[in-house]
Structures are given as C-alpha cells and as structure tokens.
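Open the model in your viewer and keep the selection tool at hand. Each stop below tells you what to pick and what to look for.

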Amino acid sequence: MKTIDDLQVAGQRVFVRVDLNVPLDGETITDDGRIRAAVPTINKLLDRGAKVIVASHLGRPKGAPDPQYSLAPVARRLGELLGKQVAFATDTVDESAQATVAALGDGEVALLENLRFNAGETSKDDAERGAFADRLAALADLYVGDGFGAVHRKHASVYDLPARLPHAAGELIAAELSVLKKLTEDVKRPYAVVLGGAKVSDKLGVIDHLLEKADRILIGGGMAYTFLKAQGHEVGGSLLQEDQVPAVQDYLRRAKERGVEFVLPVDVTAASEFPDLKTKAPANPQVIAADAIPADLQGLDIGPETRKLYASKLADAATVFWNGPMGVFEHPDFAEGTRAVAQALLDSPAFTVVGGGDSAAAVRILGFDENAFGHISTGGGASLEYLEGKTLPGLAALED
C-alpha cells in the first residue's frame with residue numbers, strides 16, 4: 001500500500017476521502033475529534049503544494065440534500081484547525097463543486113458537500129456507484145484514502161474511486177493499520193479486551209475472533225445482561241437479546257475450553273427507568289448484585305465492585321483493546337463505570353487502544369487527555385471488522 005510520500009502532489013488536484021462524520025447539535029459540533037484527526041494529512045498535502053479536495057459523509061441522509069446533514073459547519077471548523085480558508089462547495093459533483101475545484105490554487109483547500117446527498121455514494125448497484133465515482137474522478141488527478149471510519153463500507157468514494165485514480169493511503173489510515181497490527185500480529189501478553197455497548201449481536205464476530213487471540217475478555221454495557229442471562233441469572237428490565245443467549249453460552253463454553261478468562265459484572269448500578277439524557281435529571285440509582293436484578297429495575301452501568309475488579313484485571317495487562325462504554329455514560333449517574341475503565345487504561349503500563357465510536361466519544365466527554373492513551377481509533381465499526389479478520393473494502397481498494 002502506497003503512502004502520500006509516494007505521490008508527486010505539487011500542482012495536482014488531490015481528492016482526500018476523510019471521515020468528518022461528527023455529532024452535531026443544530027450547527028454546533030459537539031465533538032470535533034474526527035476533524036482534528038484529518039488535519040495532518042491535509043496539512044502535509046497543502047505544504048507540498050497540492051490543490052486539496054476534501055470529501056466526507058455526515059449522518060445518514062437518504063441520497064438527497066438534507067440541510068440537517070450539511071457539512072457547512074464542518075467546513076468552518078476545519079478552516080479554524082488548518083488556519084486557512086476552506087472553500088465550500090454546496091454540492092458534490094455539479095456546478096458548485098466544479099467551480100470551487102477549478103478556482104483552487106496550489107496549497108489551497110476545498111470541502112465538497114456531504115457525499116451521501118448523492119444516491120450513488122451508498123448504492124448497492126455497482127453501475128450507479130461507478131457512475132458517481134466517475135464524476136468524482138473528473139474533479140481530481142490523485143486520490144488519498146484517509147477516512148478510516150468508513151473503510152468498512154463499499155461506497156463510491158471509498159471503494160470505487162481509488163480504482164479510477166492513482167492512489168495512496170493517508171497518514172491516519174497508516175497510523176490506524178500500524179496499531180491494529182499490534183492487536184492481531186505479535187501481540188504482547190497478557191492481552192485484555194474490554195467490550196461494552198448496547199447489543200451483543202454487534203460484537204459476535206469480534207468475540208468469536210478474540211477467543212483465538214485474547215487472554216481475558218471483560219464485558220460491560222447493555223450487552224452484559226445477555227451474558228448474565230446466559231449464566232442463568234435474572235436481569236430484570238435490563239437490555240436483553242434473548243435470541244443471542246445460545247450463542248453467548250457457546251462462547252462462554254469455548255472460552256473455558258481455551259483458557260480465555262471471561263469477566264462479567266458482579267454488581268450493577270440500576271434504576272427503575274431509563275434516564276433523561278437531555279435534562280440529566282437525577283435517576284435515583286441503586287447498586288445491586290448482578291445476579292439478583294429485580295423485575296422492576298434495569299442495569300444501566302457496572303457497579304463499584306465491578307469497577308474495582310475490572311481495574312485489577314487490566315493492571316497487569318501488556319496490551320488492552322477497549323470498545324464500547326460500560327453504561328449510559330451520557331448521564332452522570334451512570335458514567336462511573338466507563339470513567340473507571342478509562343482510568344484503568346491510563347493507570348496500566350499496557351499498550352492501550354480505544355476502539356473508536358462511543359468509547360472515543362466517552363473519553364473526550366468525560367474529560368480525559370486523549371494523548372495519554374496509546375491510541376484512540378477514529379473507526380469503531382472499522383476497528384471491529386478488522387479485528388474479526390474481515391476484508392475491508394476501503395483498504396482493499398488502496399492496495400497496489
């Protein structure tokens with residue numbers, strides 16, 4: 001896989017596919033981590049005299065323009081981070097995009113409007129996707145793939161466009177791959193994995209793969225209650241995927257056979273109803289044993305004894321991968337489990353990787369110094385699929 005150091009970019013129009021899919025509250029960006037992650041590659045290209053065309057998706061519009069998903073606020077923030085004007089095209093391949101790109105001088109940058117405003121970006125029809133990729137290719141001379149958070153998608157700008165232009169991987173993708181190889185090849189042990197989030201079904205593939213790699217797996221978040229149910233415990237009103245219980249029982253059996261330690265909550269912080277995440281009104285939390293959750297309560301975070309247990313299980317690890325919060329971290333009554341895991345990663349001498357998505361957001365929202373972790377990935381889904389051993393379309397497209 002070539003890097004941008006292998007490209008002659010001076011005076012060339014370079015299409016840079018990044019991941020600027022940031023959370024918005026109206027036009028206010030609530031977490032600019034992905035924009036900041038895109039800056040090094042863009043700056044490197046600008047410093048070498050390229051005409052840089054930045055492109056990304058935002059949210060899930062239905063293949064047509066939708067003002068709530070406009071990248072206009074992102075263009076403003078990107079300009080602040082780059083310290084220079086970012087020209088903004090109000091469409092993806094039509095008159096505004098063509099004129100905006102044509103006006104670029106060497107060392108100047110433009111951002112196209114949300115790629116998903118065109119149905120061809122996400123189409124499952126190869127011809128429709130290809131036609132959109134052809135129009136994108138007409139805007140540029142070279143392609144740089146740097147949107148790690150989108151490389152698991154077979155989309156026009158990620159998969160089809162690199163085949164139409166000389167291409168290379170950007171700085172972010174190169175860094176992400178370097179880290180992921182430390183989790184899949186030549187892993188330093190003990191290797192501990194912390195998995196959270198709402199649904200166990202989202203993590204089945206990675207759990208299956210990690211049974212061959214990890215020494216211990218710690219489970220939290222909503223998915224923990226399906227594991228507790230699989231052990232025969234009642235989980236009250238907690239989130240439960242009943243249909244996944246047999247699969248989880250099989251994983252627990254296989255883990256025991258392979259000597260992989262599965263660590264589940266011993267207590268949980270629960271409430272009678274899901275908390276209000278807008279008002280943050282007190283939710284009257286209760287700490288109860290994980291194997292005795294009454295019918296009128298639902299577990300919403302790991303409890304204090306589990307926090308201590310998980311910290312002890314991470315203290316002697318040499319490698320730690322964490323994906324998924326331990327509870328409803330957006331509410332202060334249920335943030336302590338996620339905070340404790342983040343702190344345990346910081347306290348551990350291990351090489352630590354925070355696997356994107358909600359985990360990365362939690363680290364920032366809870367006020368931790370991002371630079372104190374070994375690596376914070378920009379791609380939650382992409383990280384998991386890589387660890388599952390899947391071929392990621394956007395990476396395959398960048399191979400020589």
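Start by selecting F15. F15 is buried, at 0% relative accessibility (buried means under 20% relative accessible area, exposed over 50%, partly exposed in between, with a 1.4 Å probe and protein chains only).

Before moving on, note that this is a predicted model, where local features need pLDDT of at least 70, side-chain atom pairs count only at pLDDT 80 or more, and totals for chains, interfaces and linings use all residues. Residues are numbered from 1 along each chain as its sequence is written, and side-chain values use heavy atoms, with hydrogens and water left out.

**Aromatic pairs**

The count is three aromatic pairs. Rings of Phe, Tyr and Trp (its six-membered ring) pair if their centres lie within 6.5 Å; planes under 30 degrees apart are stacked, over 60 edge-to-face, and the rest tilted. F15 sits in strand 1 and Y143 in strand 7 (residues 142–145), so the pair ties together parts 128 residues apart in sequence. Strands (E, at least two residues) and helices (H or I, at least four) are DSSP runs, numbered from the N terminus. Y143 is buried too, with a relative accessible area of 2%.

Next, select F227 and F262. Their ring centres are 5.5 Å apart and their planes are at 35°, so the pair is tilted. F227 lies in helix 8 (residues 224–230) and F262 in strand 11 (residues 261–263), 35 residues apart. Both are buried.

**Annotated binding site**

Now select D19, L20, N21, R34, H57, L58, G59, R60, R116 and R153: the unreviewed UniProt entry annotates them as "binding site". UniProt positions follow the numbering used here, feature names are shortened, and annotations may be inferred rather than shown by experiment.

Which is buried and which exposed, L20 or R60? L20 is buried, at 0% relative accessibility. R60 is exposed, with a relative accessible area of 60%. Find L20 in the loop between strand 1 (13–17) and strand 2 (24–25). R60 is in the loop between strand 4 (51–55) and helix 2 (72–82). Leaving aside neighbours within four places in sequence, R60 contacts Y69, R116 and R153 (contact means heavy atoms within 4.5 Å).

**Open sheet**

Finish with three strands in the order 13-12-14, an open antiparallel sheet. Two strands pair if DSSP finds at least two bridges between them. Strand 12 (residues 267–271) and strand 13 share four bridges. Pick T269: its bridge partner in strand 13 is V287.
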